[in-house]
Amino acid sequence: MRPLRPAAAVPAAAVPVAAVLGIAASALLLPPGATPARADEGGPGTPSGFTIEDPRIKESSGLAASRAHPGVYWTHNDSGDGPYAYAVDSRTGRTVARVTLEGVDARDVEAISIGPDGNVYLGDIGDNLGGTWPDVRLYRFPEPKELTGDITVAPTTYTVRYEDGPRDAESLMVHPRTGRVYIVSKKQSGKGALYEAPERLSASGVNTFRRVADIDVWATDGAFSPDGTRLVVRGYFDARVYRWENGRPVKELGRPVVPLQRQGESVAFTPDGRTLMYGSEGDRSKVVPIELGDELLPDSAAKEKRNDKNKGGTGQAADAGPDGDSRTLTIGAGAVAVVALALSLRWLFRRRSA
């Protein structure tokens with residue numbers, strides 16, 4: 001479970017002052033060249049946001065674009081639901097199929113990703129006790145060819161341990177070219193890390209994930225671009241985009257716009273790589289699109305965009321907002337600080353009056 005929720009969602013006392021002020025400080029002290037990127041004005045193909053209509057999905061905690069079914073996104077609930085994955089049609093917001101993982105006792109499912117082999121990977125990698133479980137689980141199953149109603153699958157199970165001890169994590173990414181699996185650990189300080197799986201996962205033994213890079217985000221989700229040249233890692237209020245080369249994040253390219261959401265939990269690239277889709281927890285939660293630009297665009301998407309411009313395409317569309325209308329609700333560094341300070345003051349006043 002995540003310890004941070006906006007003031008309107010839970011009592012402010014649930015938000016530690018140190019965590020809130022830490023977010024404010026990190027937002028204000030951005031390094032040169034790492035200011036939040038604006039959302040580019042999209043063309044006619046810019047995707048719309050959508051609302052998840054299924055009342056069973058109350059704590060959407062991961063998001064992944066289907067490879068086999070255009071317009072469909074996979075999601076799942078946080079701990080307390082069960083071994084389920086939901087296929088949601090982004091055109092209607094309705095669930096078109098629910099997959100039940102046979103024989104699985106789900107503990108704290110936090111992330112989902114789809115590999116180049118067409119398999120869905122579900123990450124039971126959360127640890128609400130801050131890193132006390134000696135191992136966690138990954139489940140893999142083929143993406144169904146048809147999405148109709150309730151589907152039951154027998155997944156392959158992988159046992160995961162970290163080389164430097166137990167970790168809490170909510171971010172699972174499968175590289176779209178190599179098929180290698182990665183996890184980003186979650187720390188309130190933001191000092192998380194990227195862990196790399198063995199080249200081939202073993203279903204019969206323990207898979208030890210090796211720490212390969214620092215990730216300075218209080219990470220709630222991550223995703224690779226479809227061409228594998230970008231890695232995005234998001235937190236509640238911010239995100240980072242990294243250039244990916246030779247199995248490593250070699251450079252932080254900037255911070256994309258992050259929408260103000262009830263509890264920002266998930267992120268996914270659209271299949272063309274031009275847009276990030278941000279998800280949140282809550283009943284009828286909204287998935288918000290933010291189009292990327294400049295260096296944040298994956299290499300293949302940047303090339304396609306240049307080709308579009310050379311062909312004379314200058315279509316212009318309004319930015320999509322959380323309700324799928326023409327307004328984009330985003331926050332930059334200053335707005336993050338205002339939200340954070342407001343939460344901390346609310347907490348202090350509540351505590352004094354208690």
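Two strands count as paired if DSSP finds at least two bridges between them. Strands themselves are DSSP runs of E, at least two residues long, and they are numbered from the N terminus. With that settled, here is the strand pairing in this chain.

This is a predicted model: local features need pLDDT of at least 70, side-chain atom pairs count only at pLDDT 80 or more, and totals for chains, interfaces and linings use all residues. Residues are numbered from 1 along each chain as its sequence is written, and side-chain values use heavy atoms, with hydrogens and water left out.

I start with β5, residues 95–101. On one hand there is β4, residues 84–89, which pairs with β5 in the antiparallel sense over 5 bridges. In that pair, V88 is opposite T95 of β5. The two strands make a hairpin with 5 residues between them, and G93 in the turn has a positive phi of about 80°.

β5 also pairs with β9, residues 149–153; these run parallel and are joined by 5 bridges. Here L101 is set opposite V153 of β9.

Next, the open sheet. Its 8 strands come in the order β6-β7-β8-β10-β14-β13-β12-β11, with mixed pairing. At the edges are β6 (111–114) and β11 (169–174), each pairing on one side only. From one strand to the next the twist averages 30°, where axes are lines fitted to C-alpha atoms and angles run from 0 to 180 degrees between N-to-C directions.

Last, one pair from that order. β12 (residues 181–185) and β13 (residues 191–196) are antiparallel, over 3 bridges. Y182 sits opposite E196 of β13.

Notes
Helix = DSSP H or I, 4+ residues; strand = E, 2+ residues; numbered from the N terminus.
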